Amino acid sequence: MEINKAILHIIDKDSGQLICSQAELDLREFHVSQYMETILKRLDKGEYKHGILSEDNEIVPFIKEVQTDFIKATQDIAQSMFDVLAISEDAPSGDVLFLDTQDSEDNHSLVVIKFNYKPQFTHHVTYVDDVMQNNIILNRTVFPSVTQKIDECFIVNLNDLATRVIEKRYMFEGEKRFYFTERLLQLDPLPTVSEKLKIVKKAVKQVAKRYNEEEYVSMSQAQQAIFESIESDGIIDTQKVADVVFKDNISAKEEYQEIIEKTKFTEDIPENIVKYEKKYSKQKFKLANGIELSIPSDVFNDPNMVEFINNPDGTVSVMIKNIEEIISKF
């Protein structure tokens with residue numbers, strides 16, 4: 001992704017001011033360009049909600065103006081952001097970075113990132129009666145570290161208004177609400193991948209409990225089905241999960257699918273497939289006696305390697321078989 005233009009505006013809630021820059025950032029300066037490159041890399045690792053902005057949204061005219069009058073358009077969007085944040089009881093002040101970007105397929109996007117300040121101590125040199133004194137002060141307007149994940153941003157494709165969002169909840173009129181999707185952009189987005197996984201896990205747990213299935217068995221089977229689905233097809237196949245977890249229990253499958261259908265679940269994983277392949281490639285268990293197990297999926301499925309045994313007294317034994325070598329991880 002290439003940055004065509006960049007500008008920084010300041011939302012200072014404490015003083016009740018929006019301080020808009022009247023000039024773009026100089027991308028030819030080394031430290032500025034280096035910082036921008038780091039930011040773009042962080043954006044690639046984000047987990048987004050997806051939606052499409054409505055044409056009647058009040059900020060859409062400003063977004064459409066980005067390529068013709070970048071400075072004014074970003075000032076207008078920053079004003080809209082400030083107006084919404086001003087009525088929040090706990091939303092923090094911060095700087096808002098606007099980027100006009102272009103990808104390899106010549107798609108133009110507006111990237112809007114809000115950097116919430118992170119108070120940090122620093123030194124401050126003062127003179128008292130002509131005597132120099134080095135003091136420690138609290139600077140309340142420090143940017144987060146470049147290694148930190150980005151908590152708040154939205155990216156709008158300028159061609160079709162397709163929008164990706166990373167956001168936080170803040171208090172508005174006594175209730176926690178999402179700042180971007182609910183207040184500013186008025187989007188009804190599709191859930192993130194993590195939210196989709198929570199939907200599946202909640203549905204599996206609910207139906208398994210109803211049919212007296214062991215929770216650890218159902219959840220491990222669901223994880224295995226999700227891993228195989230992502231690995232082979234790049235999606236979370238809910239039918240595959242139902243078939244693996246509930247097998248021939250048609251009623252359980254139907255109840256599970258009914259729960260999923262009442263949500264905004266979609267099967268696709270639009271980004272970071274590798275991340276979820278890695279995350280679900282191992283089954284992890286914490287036993288009541290404090291022992292923790294991490295078992296690769298291919299080993300977990302092999303009864304010649306691992307076996308869970310239900311004992312007559314209601315306890316469970318875990319048998320690990322055919323071990324050729326044990327290595328301490330000390």
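**Exercise 1. Classify R210 by its relative accessible area, then find its salt-bridge partner.**

Step 1. R210 has a relative accessible area of 58%. Apply the cut-offs: buried is under 20%, exposed is over 50%, and partly exposed lies in between (1.4 Å probe, protein chains only). R210 is therefore exposed.

Step 2. A salt bridge needs a side-chain nitrogen of Lys or Arg within 4 Å of a carboxyl oxygen of Asp or Glu. R210 meets this rule with E255, their closest N and O atoms being 2.9 Å apart.

Step 3. R210 sits in helix α5 and E255 in helix α8 (residues 250-261), 45 residues apart. Helices here are DSSP runs (H or I) of at least four residues, numbered from the N terminus.

*Ground rules.* The model is predicted: local features need pLDDT of at least 70, side-chain atom pairs count only at pLDDT 80 or more, and totals for chains, interfaces and linings use all residues. Residues are numbered from 1 along each chain as its sequence is written, and side-chain values use heavy atoms, without hydrogens and water.

**Exercise 2. Describe the salt bridge between D243 and K253.**

Step 1. Their N to O distance is 3.0 Å.

Step 2. D243 lies in helix α7 (residues 238-246) and K253 in helix α8, so the pair ties together parts ten residues apart in sequence.

Step 3. D243 is partly exposed, at 36%. K253 counts as buried, at 19%.

Conventions
Helices (H or I, at least four residues) and strands (E, at least two) are DSSP runs, numbered from the N terminus.
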